[in-house]
Amino acid sequence: MRRHSRRIFNICYRFTGNRTESQDLSQDVFLRVYRTLGSYRSAHGGFATWMTSVTRNLLIDHYRRTKRDRVTDSLDDKMPLVENKESAGRRPDEQALLGELSGQVQSALTKLSPELREAVILRDLQQLEYSEIQQVLAVPEGTVKSRINRGRIELARILQQMGVRPS
Amino acid sequence: MNWTCEQTEARLSDYLDGLLQPVEQSAFNLHVNTCERCAPLVAAVARTLGGLYAMEPVEPPAELENAILTATLGAPSWRNLRRWLKSLQSPRFVYSMASLAATLIVILAASGFSFSKPKLAELRPATIYRNADRKAHLVYAQSAKFVSDLRVVYEIQTRLNENEQNPATREQAVPQNFPDKQPGRTDNTNPSAPKQQNRADEIGRSLRVLASQFPVFSGSVGERRMP
């Protein structure tokens, strides 16, 4: 459960950019998975893909529900990012730079349209295959590739507008 | 191969993921190296992709797991109770309880407990012990008798088998002379072979004639046939 909760929380956080909302959404995801476990069919894909699909649906619902209240500026609730143990070997200055860049990319991600954002998160942050993303988003593979491509270009433009230049 | 700015933008991810054909790759490179619009775009997207890959997983809050468990399975106390109840469904526990129940039923049945008309007095330890002791003795006596009967039957069976396997022994065991019976007859009253019986009767008649003609033989024949 720890592995799944960590993965789901990361998807939610990268999509919303808010830790509190991500925690609530992760709980909702597990609650929905727990209640609809009977509807899961292994023939339609792996369990992780199914969970990701449930997460994506909840994120889109949440996005639509909070559209009016959303402030288009930074949605980060100023909670510091807690890096995992793999980053322990880096020098403090590198760590600080990486943390800063990570925060900027995260901020740019939240400015992407939800369609492009979810595609980029699933492909470039969750490292899912095109076929898995196709299952999660329930769209043809050509659409998946197009969204990922447009998402990357749009993200690069947003970062340029923010004056961020990832090395 | 002619390559346009629109193609560069449309196939940018394929280029970055290394999915372009060699011909497309060279056309792409040729165009990007000479296009003032596409070169910075490709570089910016490549850097963005590097930035995305450099983002490390965010550590979820420590209380997330407990919050998920509470949301799905309920509060910790109820969760523990549910876990305990679920453990009762394990095959090991079910087998243990089944064997325990079977043992109790056997003990109660052995002690003479009536399941159709149960009485509280029959459940007293002293009563159970006394009844069980009596039953045990009865069962032991019946078992001993059964084993003894079984032994006798086995012995008879063994003897019969031995006789069937060794006919010589069987013939030796049968007496040679039967004074009360006619020659050639077996123990059964009905002769199994009529011809043999007729021959025996004929021999008997001849002996009687000889005895009457030769008195010398009358003693021995008379001794044998007519004492």
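This note comments on the two chains of the structure above, point by point.

1. Basis of the note. The structure is a predicted model, in which local features need pLDDT of at least 70 and side-chain atom pairs count only at pLDDT 80 or more, while totals for chains, interfaces and linings use all residues. Residues are numbered from 1 along each chain as its sequence is written, and chains are lettered from A and ligands numbered from 1 in the order in which they are written.

2. Secondary structure. Chain A has 7 helices and 0 strands, and chain B has 11 helices and 0 strands. Helices (H or I, at least four residues) and strands (E, at least two) are DSSP runs, numbered from the N terminus. The order in chain A is therefore written α-α-α-α-α-α-α from the N terminus on.

3. Burial in the two chains. Of the 167 residues of chain A, 35% count as buried; of the 227 residues of chain B, 8% do. A residue is buried if 20 or more other C-beta atoms lie within 10 Å of its own, exposed if 12 or fewer, and partly exposed in between, with C-beta atoms placed from the backbone.

4. Contacts along the sequence. Two residues are in contact if their C-beta atoms, placed from the backbone, lie within 7 Å. Among contacts in chain A between residues at least 6 apart in sequence, 67% join residues at least 24 apart. For chain B, the corresponding share is 28%.

5. Packing of α1(A) and α3(A). Two packed helices are described by the angle between their axes and the distance between the axes. Helix α1 (residues 2–16) and helix α3 (residues 47–65) of chain A have axes that come within 11 Å and cross at roughly 30°. Axes are lines fitted to C-alpha atoms, for helices over the stretch in contact, and angles run from 0 to 180 degrees between N-to-C directions. The two helices are therefore roughly parallel to each other; angles under 35 degrees count as roughly parallel, over 145 as roughly antiparallel, 65 to 115 as roughly perpendicular and the rest as oblique. The contact is made by A:H4, A:I8, A:I11, A:C12 and A:F15 of α1(A) and A:M51, A:T52, A:T55 and A:L59 of α3(A). By class, these comprise 6 nonpolar, 3 polar and no charged residues. Here Ala, Val, Leu, Ile, Met, Phe, Trp, Tyr, Cys and Pro count as nonpolar, Asp, Glu, Lys and Arg as charged, and the others, Gly among them, as polar.

6. Packing of α2(A) and α3(A). Helix α2 (residues 19–35) of chain A packs against α3(A) at an angle of about 125°, with their axes 10 Å apart. These helices are therefore oblique to each other. From α2(A), the contact takes A:L25, A:D28, A:V29, A:R32 and A:V33, and from α3(A) it takes A:M51, A:V54, A:T55, A:L58, A:L59 and A:H62. The classes are 7 nonpolar, 2 polar and 2 charged.

7. The nonpolar core. The largest nonpolar core has 44 residues, and those with the most contacts inside it are A:C12, A:A119, A:V120 and A:L155. Such a core is a set of buried Ala, Val, Leu, Ile, Met, Phe, Trp, Tyr and Cys residues joined through C-beta atoms within 7 Å. Not counting residues up to four places away in sequence, A:C12 touches A:S22, A:L25, A:S26, A:T55 and A:L59.

8. Helix α5 (residues 114–125) of chain A is mostly covered, with 10 of its 12 residues buried. Among the buried residues are A:A119 and A:V120. A:Q127 is in the loop between α5 and α6 (130–137) of chain A. Its phi is near 55°, a positive value in a residue other than glycine. A:Q127 is exposed, with 9 other C-beta atoms within 10 Å.

9. The contact between the chains. The contact takes 27 residues from chain B and 37 residues from chain A. On the chain B side, α4(B) gives the most, with 10 residues. By class, this side has 17 nonpolar, 5 polar and 5 charged residues.

10. A:A156. This residue is found in helix α7 (residues 141–161) of chain A. A:A156 is buried, with 25 other C-beta atoms within 10 Å. Not counting residues up to four places away in sequence, A:A156 touches B:A44, B:V45 and B:T48.
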